Amino acid sequence: MDKTLKNQLVTYLKDFVTEDRWQRITEVLNKRTRHLTVVLEDIYQPHNASAVLRSCDCFGIQDVHIIENRNEFDPNQGITIGADQWISIHSHNEPGANNTKRCYKQLRRQGYRIIATTPHEEDVTIDEVPVSEKTALVFGAELKGLSDFALEHADGYARIPMVGFSESFNISVGAALCLYDMTTRLRKSEVNWTLSDTEKLDLKCEWLENSVRAADRLKQRFLEEHQS
């Protein structure tokens, strides 16, 4: 579908949502970013997986990459509260493959610097990770953490400072703390972190379809009328 037709589709579908919903879509889009992305490797506890997705939506992260080597990603709809329909989930789950390697390769093609979130001899605290570069934050499975491959092939390492007896935060809490720090600094910076007009247009179509009852039938009718 070309840009002109997409704009016409947005105008068409917009009539089927309330003005408040349309304003909300516009406001959220203006604060969405792909400058920062989240990668989850083998997260298996549904409540943790779901909480991370919800945090990504709340902090304006559009893309989440899911690596499934050993564990199936199974978010809990009661915790996501629909957050997964507003973010773009990219699954890396080819049977028998090193899906971490495949994911890293894709991220690097897209210009991301890969930061593993784990205590490491070469780590820095999360507030020291620069926001000037496109960054992918990688979070590992509960208890076991990131795989050896994920650690060995990362571009850098970051941790959250802790002063208590516990050795680590819950994965969902850790992700939320990292995202709060980095998105806050990113939005205060001079980095161009917003989505392009083309990306915004694509998401307007997608989010309107998610917001409208019987959107599939309406979209089909629209296309039949405009492509005949």
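Q: At roughly what angle do the axes of α1 and helix α9 (residues 215–227) cross?
A: The axes of these two helices come within 11 Å. Axes are lines fitted to C-alpha atoms, for helices over the stretch in contact, with angles running from 0 to 180 degrees between N-to-C directions, while helices (H or I, at least four residues) and strands (E, at least two) are DSSP runs numbered from the N terminus. The crossing angle is roughly 135 degrees.

Q: What pLDDT do side-chain atom pairs need in order to count?
A: Residues are numbered from 1 along each chain as its sequence is written, and side-chain values use heavy atoms, leaving out hydrogens and water. This is a predicted model, in which totals for chains, interfaces and linings use all residues, local features need pLDDT of at least 70, and side-chain atom pairs count only at pLDDT 80 or more.

Q: Are α1 and α9 parallel or oblique to each other?
A: Under 35 degrees counts as roughly parallel, over 145 as roughly antiparallel, 65 to 115 as roughly perpendicular, and the rest as oblique. With axes crossing at roughly 135 degrees, α1 and α9 are therefore oblique.

Q: Is the crossing of α1 and α8 left-handed or right-handed?
A: Helix α1 (residues 3–14) packs against helix α8 (residues 197–211) at about 35 degrees, with axes 10 Å apart. A crossing is left-handed if the near helix is turned anticlockwise from the far one by less than a right angle, and right-handed if clockwise. While α1 passes α9 in a right-handed crossing, its crossing with α8 is left-handed.

Q: How many charged residues are in the contact of α1 with α8?
A: The contact draws on residues of α1 including Lys3, Lys6 and Lys14, and on residues of α8 including Asp202, Lys204 and Glu209. Its members comprise 6 nonpolar and 1 polar, and the charged ones number 6.

Q: At roughly what angle do the axes of α2 and α8 cross?
A: The contact between them involves Arg21, Trp22, Ile25, Val28, Leu29 and Asn30 of α2, with Trp207 and Leu208 among the partners in α8. That crossing is right-handed. The axes of helix α2 (residues 19–30) and α8 come within 11 Å, at roughly 140 degrees.

Q: In what order do the 7 strands of the open sheet stand?
A: Two strands pair if DSSP finds at least two bridges between them. The strands β3 (88–92) and β5 (124–125) each have a single partner strand, so one side of each is left without a neighbour in the sheet. The pairing is parallel, and the order is β3-β2-β1-β6-β4-β7-β5.

Q: Why is β1 largely enclosed by the rest of the structure, and how many of its residues are buried?
A: Buried means under 20% relative accessible area, exposed over 50%, and partly exposed in between (1.4 Å probe, protein chains only). Leu36, Val38 and Leu40 point one way from β1, and Thr37, Val39 and Glu41 the other way. Strand β1 (residues 36–41) is largely enclosed because its buried residues number 6 of the 6.

Q: At about what angle does α3 run to β1?
A: Helix α3 (residues 46–58) lies across β1, β2 and β3. Its direction relative to β1 is about 175 degrees.

Q: Is Gly174 buried or exposed?
A: Gly174 lies in helix α7 (residues 171–188). Beyond its neighbours within four places in sequence, Gly174 is in contact with Phe139, Ile160 and Phe169. At 8% relative accessibility, Gly174 counts as buried.

Definitions and conventions:
Contact = heavy atoms within 4.5 Å. Nonpolar A, V, L, I, M, F, W, Y, C, P; charged D, E, K, R; others polar.
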